[in-house]
Amino acid sequence: MKIVPEGICLNASWGSQAQPTGVTVGAMREGLTVDEAQALILEAAPVLGVETISAFDAAGRVLAEDIISTRRHPPADCSAMDGYAVQAADLSTAGPETPRSLPVVYEVPAGGQAPRPLEAGEAARIFTGAPIPAGADAVVRQEDTRAEGDQVEILVRPSNREHVRSGGEDFEVGDRLIEPGAVLGASHLGVLASVGRTIVAVHQRPSVAILSGGDELVEPDRPADSGQIVSSNSYTLAAQCRDVDARPIYLGIAADRPEAIEERLRAGLRADVIVSSAGVSVGDHDHVRGVLEKMGCELRFWGVLMKPGYPLTFGVIKSTGTLVFGLPGNPVSSAVTFEQFVRPALRKMMGHNSVHRPVIRATLSEGMRKRPGRLHFVRVSLERQDGGWLAKPTGNQSSGVMTSMIQGQGLAIFPIEAESLEVGTEVDVQILDSEFFEQSERGF
Ligand code: AMP
Ligand code: MG
């Protein structure tokens, strides 16, 4: 069975195993590896349809069409400099000590045309971007000349086609300029404009309905007594959606009652994706999975062999095709599972070919131990060391300690079967901080 769509790369070596490890309960599997869970999710996530938008606003969007040039650029040979169009053969002996004087017979401004071909022994005043007159085969820079009334003294010997931009040097009619799947950046948009494409077809951005759940939760702007917890996950999850250019919609906080959860979830059915945090574990008050099943959600799996974040569930609502992620409630678990599972799905949905965060190799600054059987994502800060990277765990790794996410830029991968990693071991570090590569290198 082929479960990974073409062009989608999986994290190669994070404890994936040839045989599925999951236990199958009915149609639902339990206790999958990270790689298995990602593969099932990516298989289920559809690439969204196409919309046409103004190219002016298309930065960051994923192109959904082939851009074939309908124009030649530049349309004709033109000057790359302000100076004089000449015939190079006239100037074979010209130099600073042996200037050659030529009559200036006309001027070609940018946007203008030569009135007639240039003859041997003549020069034409020309400006950057102006078409080269027929007969001329080089441009001498103004700096290499001396104007003398109707004449110009040429102080250099130009080579053939010097300072001439060839017609079509950028692209010709019929050239394939940008392929579907390109993430439109500044240069793409400039090229689109040069071929007159002010409207482009791009993949739609998925809408993501975000729900928090739990009787203990209060909105951040409400007073919270000691038995309550301020609901922060929705804010983190909305930002994670925006980071990937998806459209978050907030569904509020659902109380720990099946009817309350169902009412909120139903409000999210028009979204492409529902992300619900908390209530997916096995406690007496964890009703999310039961409600989803009642709503016609085909649950594909429950539980991923990772820490933080074991209690994760994923399914598809049959009537609407909405993908549903039930993330664990602890703030770090919710954020880390979004990164591993929701983000790649959203990127696939909006047409990206590469769906994963970048991974670098780094040396561990301290040893770590764990029990085998789960892959650990360890929050680390990164520093330059001996031309490589040093990864330092950011202290308290409790899944409730969100500040240790702020202090780090990435997640070190502690493989599933490993029990200890010695100080100095090289590990994979998944980079979560989009600014990281920009901050870490010297600028010009
Ligand atoms: P649960 O998954 O419902 O067992 O929740 C696990 C932990 O995460 C509990 O301590 C919750 O209070 C906490 N939690 C759940 N939802 C949120 C949220 N929206 N914001 C912050 N913490 C949460
Ligand atoms: Mg709860």
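This is a short walk through one protein chain and the ligand that goes with it.

Hi everyone, thanks for coming. Before anything else, please keep in mind that this is a predicted model.

Let's begin with the overall picture. The protein chain has eight helices and 30 strands. Its radius of gyration is 31 Å, well over the 22 Å that the globule rule gives for 444 residues, so the chain is more spread out than a compact globule. You can see that in the dimensions too: along the principal axes, the C-alpha trace spans about 95 × 50 × 50 Å.

Where does ligand 1 sit? It is in the largest pocket. There are 14 residues around ligand 1, and those that come nearest are Glu216, Ser231, Ser232, Gly279 and Gly329.

Which atoms of Ser212, Ser231 and Ser232 face a nitrogen atom of ligand 1? For Ser212, a polar side-chain atom lies 3.1 Å from a ligand nitrogen. Ser231 also uses a polar side-chain atom, at 3.0 Å from a nitrogen atom of the ligand. With Ser232 we turn to the backbone, where an N or O atom lies 2.9 Å from a nitrogen atom of ligand 1. On its own, ligand 1 has 490 Å² of accessible area, and the protein covers 78% of it.

Have a look at His73 and Pro74, which are joined by a cis peptide bond with omega at about -10 degrees. Pro74 belongs to the loop between strand S4 (67-68) and strand S5 (78-79).

Further along, the peptide bond from Lys307 to Pro308 is cis as well, and its omega is near 0 degrees. You will find Pro308 in the loop that runs between strand S21 (306-307) and strand S22 (313-317).

What about phi at Asp245? It is near 75 degrees, a positive value in a residue other than glycine. Asp245 lies in the loop between helix H3 (233-243) and strand S18 (247-254).

That's my tour, and I'm happy to go back to any part of it.

Key
Residues are numbered from 1 along each chain as its sequence is written. Chains are lettered from A and ligands numbered from 1 in the order in which they are written. This is a predicted model: local features need pLDDT of at least 70, side-chain atom pairs count only at pLDDT 80 or more; totals for chains, interfaces and linings use all residues. Side-chain values use heavy atoms; hydrogens and water are left out. A residue is near a molecule or strand if one of its heavy atoms lies within 4 Å of it. A polar contact is a pair of N or O atoms within 3.5 Å; within protein, one must be able to donate a hydrogen and the other to accept it, and residues adjacent in sequence count only if both atoms are side-chain atoms. Accessible areas come from the Shrake-Rupley method with a 1.4 Å probe; for residues, only the protein chains shown count as cover. On a 1 Å grid over the protein atoms alone, a cavity is a set of points where a 1.4 Å probe fits but cannot get out, and a pocket is an open set with protein on both sides within 12 Å along at least five of seven lines; lining residues have an atom within 4 Å of a point. A molecule sits in a cavity or pocket if more than half of its atoms lie within 2 Å of its grid points. Helices (H or I, at least four residues) and strands (E, at least two) are DSSP runs, numbered from the N terminus. The radius of gyration is taken over C-alpha atoms; the globule rule is 2.2 Å times the number of residues to the power 0.38.
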